[in-house]
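Visitor: Hi, I have a chain open on my screen and I'm new to this. Could you walk me through it?

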Amino acid sequence: MLTSAAAPLTPAAVTDAGRVFVVAGAPLPWLAPALILAGIAVQLAVLARLCRSGDGLTRGAAFLCAAGACLVFAGAVLDRDISVAVGEALALAGVWFAWRKG
């Protein structure tokens, strides 16, 4: 079933050990992890500031948390990793319920 769904690969070279296949990769392999880490860093910085000040989740802090979540979601899409996106959605829900006012 998988063999019919995959595009046929032609060998790029034939060596003594066997055929060598070249599969195209992502043009910027570092971009997805960088976006995920940047988004997490933004959210952690906002949460550290909220913890230090003792305020509830203000409009500006919520915007920055949402911006960090968008970075993480973009990195998850580029990395094609649904577990990162689901984990970010759960973390964002936890931040929302933990830091909302009253």
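This is a predicted model: local features need pLDDT of at least 70, side-chain atom pairs count only at pLDDT 80 or more; totals for chains, interfaces and linings use all residues.

Visitor: OK, and which residues of helix 4 are buried?

Guide: Those are Ala85, Glu88 and Val95. Looking down the axis of helix 4, you would find its buried residues within an arc of 85°, so they line one face of the helix.

Visitor: What do the buried residues of helix 4 pack against?

Guide: They pack against helix 2 and helix 3.

Visitor: Why would residues a few places apart point the same way?

Guide: An α-helix has 3.6 residues a turn, so residues three or four places apart end up pointing the same way.

Visitor: Let me step back a bit. How many helices and strands are there?

Guide: The protein chain has 4 helices and 2 strands, and from the N terminus on the order of the elements is α-β-β-α-α-α. Of its 102 residues, 20% count as buried.

Visitor: Back to helix 3, then. Which residues are buried in it?

Guide: In helix 3 the buried residues are Ala61, Cys65, Gly68, Ala69, Val72, Gly75 and Ala76. Around the axis they cover an arc of only 120°, which puts them on the same side of helix 3. The face turned away from that buried side carries the exposed residues Arg59, Phe63, Cys70 and Val77, while the cover over the buried residues of helix 3 includes helix 2 and helix 4.

Visitor: And helix 2, which residues are buried there?

Guide: In helix 2 they are Ala32, Leu35, Ile36, Gly39, Gln43, Val46, Leu47 and Leu50, and what covers them includes helix 3 and helix 4.

Visitor: How far apart are the end C-alpha atoms of helix 2?

Guide: They are 33 Å apart, which agrees with the 33 Å that its 23 residues should span at 1.5 Å a residue. For helix 3, with 21 residues, the reach from the first C-alpha to the last is 30 Å, close to the 30 Å expected.

Visitor: New topic: what follows helix 3?

Guide: Helix 3 is followed by Arg80, whose phi is positive, near 55°, and this residue is something other than glycine. Most residues other than glycine have a negative phi. Arg80 lies in the loop between helix 3 and helix 4, and with a relative accessibility of 79% it counts as exposed, since the cut-off for exposed is over 50%.

Visitor: Is Asp81 in that loop buried, partly exposed or exposed?

Guide: Asp81, also found in the loop between helix 3 and helix 4, counts as partly exposed at 26% relative accessibility. Its C-alpha atom is separated by 9.9 Å from that of Ala32, although Asp81 and Ala32 are 49 residues apart along the chain.

Visitor: One last thing, what volume does the largest pocket have?

Guide: Its volume is about 210 Å³, and the residues that line the largest pocket include Ala32, Val77 and Arg80. Helix 2 and helix 3 are the elements that give two or more residues to this lining. By class, the lining has 9 nonpolar, no polar and 2 charged residues.

Conventions: Residues are numbered from 1 along each chain as its sequence is written. Side-chain values use heavy atoms; hydrogens and water are left out. On a 1 Å grid over the protein atoms alone, a cavity is a set of points where a 1.4 Å probe fits but cannot get out, and a pocket is an open set with protein on both sides within 12 Å along at least five of seven lines; lining residues have an atom within 4 Å of a point. Grid points are joined across faces, edges and corners, and a volume is the space filled by probe spheres set on the points. Ala, Val, Leu, Ile, Met, Phe, Trp, Tyr, Cys and Pro count as nonpolar, Asp, Glu, Lys and Arg as charged, and the others, Gly among them, as polar. Buried means under 20% relative accessible area, exposed over 50%, partly exposed in between (1.4 Å probe, protein chains only). The arc is that of the directions from the helix axis to the C-beta atoms. Contact means heavy atoms within 4.5 Å. The expected span of a helix is 1.5 Å times one less than its number of residues.
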